[in-house]
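My entries follow in the order in which I worked.

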Amino acid sequence: MDEPLGRRAERVFWERHANPKSGWSRTLTLPAIVYAVHTRRWRLLAAAVAFTVLNPLLFSKPDDTEAWMTKVVLAERHWRESGDDLGALQALNVANVPVTLYAIYAAYRRDTGAATVATALSMTLKFAFVAALVRRYEDDIDGSDLER
């Protein structure tokens, strides 16, 4: 039976997003957004937001699933689809929201030091979250299932 359009689009989104170039290039978006707000470069802000939205579609499906950033995306997909409660691990993800918002607020106030520290903290929280998510994913999934 043919795959429904919505399901196919979702599958293609995740496959392309799993390209490590997609994940690594997205790490630049928060600093670009904070910089754009700080310097009042609204076109740069619009470009950074547009890049964030379009990024998962800009890259092809990766050749394999060995790259760490590919595993980050596979782990995130697995987590979202499973509806799994991450418990304490989720605290890292939730803590990231106000820190990111504060980074943008500090940039708007042109408080360079606070914006820089908050951006670095936000990125640290995000990397800690996804690193733990990958470890959990690898523990939960047999190695042969990593290529889903």
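Entry 1, α3 and α6. I am working with a predicted model, and I began with α3 and α6, which pack at an angle of about 30°, their axes lying 7 Å apart. Angles under 35 degrees count as roughly parallel, and α3 and α6 are therefore roughly parallel to each other. I also looked up the handedness of this crossing, and for α3 and α6 it is right-handed. On the α3 side I found Leu30, Ile33, Val34, Val37 and His38, and these meet Thr100, Ala103, Ile104, Ala107 and Tyr108 in α6. Sorted by type, the residues of this contact come to 8 nonpolar and 2 polar, with no charged ones.

The axes of α3 and α4, the helix of residues 42-54, come within 8 Å and cross at roughly 160°. The α3 residues that make the contact are Thr29, Ala32, Ile33, Tyr35, Ala36 and Val37, while α4 brings Trp42, Leu44, Leu45, Ala48, Val49, Phe51 and Thr52. I noted 11 nonpolar and 2 polar residues in the contact of α3 with α4, and no charged ones.

I then turned to α5 and α7, whose axes are 8 Å apart and which pack at an angle of about 75°. Since 65 to 115 degrees counts as roughly perpendicular, α5 and α7 are therefore roughly perpendicular to each other. The residues I listed from α5 include Trp68, Met69, Val72 and Trp79, and those from α7 include Phe127, Phe129, Val130 and Tyr137. The contact of α5 with α7 holds 13 nonpolar residues, 1 polar and 3 charged.

Last, I asked how many residues line the largest pocket and which of them lie nearest its centre. The lining has 29 residues, and Arg26, Thr27, Thr29, Asn96 and Lys126 lie nearest the centre. The elements that each give two or more residues to this lining are α1 (5-17), α2 (20-26), α3 (29-39), α5 (68-82), α6 (88-108) and α7 (112-140). About 870 Å³ of space lies in this pocket, and its lining divides into 16 nonpolar, 9 polar and 4 charged residues.

Definitions and conventions: Residues numbered from 1 in each chain as written. Predicted model: local features only at pLDDT ≥ 70, side-chain atom pairs only at ≥ 80, totals over all residues. Heavy atoms only, no water. 1 Å grid on protein atoms, 1.4 Å probe; cavity = no way out; pocket = protein on both sides within 12 Å on 5 of 7 lines; lining within 4 Å. Points joined across faces, edges and corners; volume = space filled by probe spheres on them. Helix = DSSP H or I, 4+ residues; strand = E, 2+ residues; numbered from the N terminus. Nonpolar A, V, L, I, M, F, W, Y, C, P; charged D, E, K, R; others polar. Axes fitted to C-alpha atoms, helices over the stretch in contact; angles between N-to-C directions. Parallel < 35°, antiparallel > 145°, perpendicular 65-115°, else oblique. Left-handed = near helix turned anticlockwise from the far one by under 90°. Contact = heavy atoms within 4.5 Å.
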